[in-house]
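Colleague: Please show me the sequence and the structure, and then let us discuss them point by point.

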Amino acid sequence: MEIKTESKGVYTTIKISGRLDLNSSTGLKEKIKDLLADGAVNLVVDLGGVDFINSSGLGTLVSILKDVRMVKGKMVLCNLGRYVNEIFEITQLSHIFDLFPSEEEAAAFVSESPARVG
Amino acid sequence: MSELITLHLPSDLKYLDLVYSVTQSVSQYCDLDERQAHHLQVVVSEGYTNAVIHGNKGHSGRYVVLTFERTSSFLRISVEDEGVVPIVMDTDHTPILPGPMDETGRGLLLISTLSEDFELLSEPSRGNKLNMTFRLDKNLEMI
């Protein structure tokens, strides 16, 4: 799995590609932990490159969401592929996460009322 | 008549990529469409991960036996571990749904939804066996 992060000022994008399962979860958690520690608490997670997710990957995203909320941040997901979206629908996590079809729409949502650290 | 492929894998998540590769090959062999192939990857990965983490309790000296059996109409998959799984099911043998912010507990829900049928057999002295069935039918309705 590959993770690319980019600061866009008010928010940070995290682009993930590959499989999101138990093996790749640790790396993602570490990366997010570092971002939150640096004060990057408004996150747009782009899952456009994720071609596979299972319950372990979902659990990791839930864990990250909880960490983000703990620091009063915001986290949204965007660009879910067809099969990844199906997994979110089956597990009803589509009701828990804010999902957007594009980074632009996700960014607009986060930028409306971004969480501020401090 | 059925065709059988059996793998004895060390109980270690470093073999998960191998599991994906074999599952992909099975999908191609069974001529599954893209969506069915994806479903198969999900349920097999759930079964193997569950066996390693919960069934065998992460004990690397144990094994997981993964079997694919193809008949004319069905693909049957079984995942067998050597331990005892504290899987919690409702009394009618349906997976108990996790809470919305629970980080675990969605594996059996995915298995029960994406496979045609499944059962989980547990024997304290013999381990657990997860059996799943896929219909070899291209006309899947969207969930």
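Colleague: Is Arg135(B) buried, exposed or partly exposed?

Modeller: The class follows from relative accessible area: under 20% is buried, over 50% is exposed, and in between is partly exposed (1.4 Å probe, protein chains only). Arg135(B) has a relative accessible area of 38%, so Arg135(B) is classed as partly exposed.

Colleague: Which pLDDT do side-chain atom pairs need in this predicted model?

Modeller: Residues are numbered from 1 along each chain as its sequence is written, chains are lettered from A and ligands numbered from 1 in the order in which they are written, and side-chain values use heavy atoms, leaving out hydrogens and water. The model is predicted: totals for chains, interfaces and linings use all residues, local features need pLDDT of at least 70, and side-chain atom pairs count only at pLDDT 80 or more.

Colleague: With which residue does Arg135(B) form a salt bridge?

Modeller: The criterion is a side-chain nitrogen of Lys or Arg within 4 Å of a carboxyl oxygen of Asp or Glu. For Arg135(B), the closest N and O atoms of the pair are 3.1 Å apart, and the partner is Glu116(B). Arg135(B) lies in strand β5 (residues 127-135) of chain B, and 19 residues away, in the loop between α3 and β4 of chain B, is Glu116(B).

Colleague: Where is Ser115(B), and what is its relative accessible area?

Modeller: Ser115(B) is placed in the loop between α3 (107-114) and β4 (117-123) of chain B. Its side chain has a polar atom 2.5 Å from the backbone oxygen of Ile111(B). Beyond its neighbours within four places in sequence, Ser115(B) is in contact (heavy atoms within 4.5 Å) with Met132(B), Thr133(B) and Phe134(B). Ser115(B) counts as buried because its relative accessible area is 7%.

Colleague: How many salt bridges cross the interface of chain A and chain B?

Modeller: Glu103(B) pairs with Lys66(A) at 3.0 Å, N to O. Asp17(B) pairs with Arg19(A) at 3.2 Å, going from helix α1 (residues 16-29) of chain B to strand β2 (residues 12-20) of chain A. Glu86(A) and Arg35(B) meet at 2.6 Å, and since Glu86(A) lies in helix α3 of chain A and Arg35(B) in helix α2 of chain B, this pair also joins two chains. Across the interface, the number of salt bridges is three.

Colleague: How much area do chain A and chain B bury between them?

Modeller: Buried area is the accessible area (1.4 Å probe) that two parts lose on being put together, summed over both. In this interface, 25 residues of chain A are in contact with 26 residues of chain B. Carbon and sulfur atoms carry 62% of the buried area, which comes to about 2200 Å².

Technical notes:
Helices (H or I, at least four residues) and strands (E, at least two) are DSSP runs, numbered from the N terminus. A polar contact is a pair of N or O atoms within 3.5 Å; within protein, one must be able to donate a hydrogen and the other to accept it, and residues adjacent in sequence count only if both atoms are side-chain atoms.
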